[in-house]
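Please open the model in your viewer and keep the sequence panel beside it, so that each selection can be followed in both places. The tour moves from the whole chain to single residues.

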Amino acid sequence: MSALPEGDEKRRAVQAMFDTIAPRYDLVNRVMTLRMDVGWRRRTVRDLGLRPGSLVVDLASGTGDLCHDLERAGLQPIAVDLSFGMLHHATTAAPRVQGDGLALPFADRSVDGVVCGFALRNFVALPPMLAELARVLRPGGRIALLDVSVPSNALLRAGHGVYFGRVVPLIGGLLSDGAAYRYLPRSVAYLPAPAELLGMVHEAGFTCVERAQLSTGISQLISATRDHERSSL
Ligand SMILES: C[S@@+](CC[C@H](N)C(=O)[O-])C[C@H]1O[C@@H](n2cnc3c(N)ncnc32)[C@H](O)[C@@H]1O
């Protein structure tokens with residue numbers, strides 16, 4: 001099996017892959033998560049805990065599912081994604097910007113919150129992405145980062161391994177692009193272990209860093225608050 005790409009090669013590969021799978025991305029998501037992704041996104045917006053009217057960046061927005069949930073909660077989303085294909089197939093009326101999470105097109109301390117769904121694995125590096133979130137957020141602003149995870153229970157982990165490693169690529173191959181959905185389970189290897197990931201978030205200038213396991217640990221939600229004390233980072 002070939003090594004996973006890194007650096008610029010990874011960025012180009014990720015962008016091309018999402019451009020390819022964009023037209024059927026939503027359908028495959030619903031089928032392969034048995035619609036559990038819908039509840040996970042709602043929880044993500046709830047854990048932001050921001051007041052109605054707050055400006056929230058949906059980083060790596062894809063087709064904009066989280067934007068819909070943000071709007072339903074009375075928040076003002078702005079979608080940012082690397083892939084023109086995903087933005088083109090977006091179903092949200094929120095403003096959409098093509099951009100890289102490592103260089104966000106927003107001024108320092110200009111937004112109240114950032115959500116990011118199922119994309120942590122896709123960034124070339126996490127510490128600079130988290131530093132970029134800390135830069136654009138006002139002190140006291142909130143982040144809620146949702147991604148896949150691996151259950152800690154051994155039995156559940158084994159079952160999840162079969163489903164994610166075998167069944168998901170099969171579904172993806174039938175409904176969309178087989179190569180992309182074979183890459184999906186492999187890309188979990190990019191995710192740091194929970195303690196390391198929480199340490200990175202704290203290091204980037206966040207406090208109240210919390211991690212929730214969703215649906216027996218097949219997804220994880222990390223939330224945190226932009227630290228007032230370390231606002232010059
Ligand atoms: C698995 S999709 C998630 C889409 C959406 N957030 C959701 O919840 O369904 C990952 C998204 O991350 C985007 N992405 C990957 N790397 C990115 C980067 N460096 N900056 C911005 N978006 C990126 C991809 O284009 C893709 O749309």
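The stops below start with the overall view and end in a loop.

**Stop 1: the whole chain.** Begin with everything selected, and keep in mind that what you see is a predicted model. In a cartoon view, the chain shows nine helices and seven strands. Its C-alpha atoms fill a box of roughly 45 × 40 × 35 Å along the principal axes. For a chain of 233 residues, a compact globule would have a radius of gyration near 17 Å, and because the chain has 17 Å, the value agrees with that expectation. Among contacts between residues at least 6 apart in sequence, 66% join residues that are at least 24 apart.

**Stop 2: the core.** Hide the surface again and look inside, for 52% of the 233 residues count as buried. In soluble globular proteins, nonpolar side chains tend to be buried together. Which residues touch the most other members of the largest nonpolar core? Select Leu-59, Val-114, Leu-133, Ile-143, Tyr-181 and Phe-206, which hold that place in a core of 64 residues. Then centre the view on Ile-143 and, leaving aside residues up to four places away in sequence, look for the residues that it touches, among them Leu-48, Val-201, Ile-222 and Ala-224.

**Stop 3: helix α8.** Next select residues 178–187, which form helix α8, a mostly covered helix with seven of its 10 residues buried. Tyr-181, already met as a member of the core, is one of these buried residues, which also include Ala-180, Tyr-183 and Leu-184.

**Stop 4: the loop between β6 and β7.** Finally, select Ser-215, which lies in the loop between β6 (206–214) and β7 (219–226), and then Thr-216, which is found in the loop between β6 and β7 as well. Phi of Ser-215 is near 50°, a positive value in a residue other than glycine, and phi of Thr-216 is also positive, near 60°. Are these residues buried or exposed? Ser-215 counts as partly exposed because its relative accessibility is 32%, which falls between the cut-offs of 20% and 50%, whereas Thr-216, at 55%, is exposed.

Key:
Residues are numbered from 1 along each chain as its sequence is written. This is a predicted model: local features need pLDDT of at least 70, side-chain atom pairs count only at pLDDT 80 or more; totals for chains, interfaces and linings use all residues. Side-chain values use heavy atoms; hydrogens and water are left out. Helices (H or I, at least four residues) and strands (E, at least two) are DSSP runs, numbered from the N terminus. The radius of gyration is taken over C-alpha atoms; the globule rule is 2.2 Å times the number of residues to the power 0.38. Buried means under 20% relative accessible area, exposed over 50%, partly exposed in between (1.4 Å probe, protein chains only). Contact means heavy atoms within 4.5 Å. A nonpolar core is a set of buried Ala, Val, Leu, Ile, Met, Phe, Trp, Tyr and Cys residues joined through side-chain atoms within 4.5 Å.
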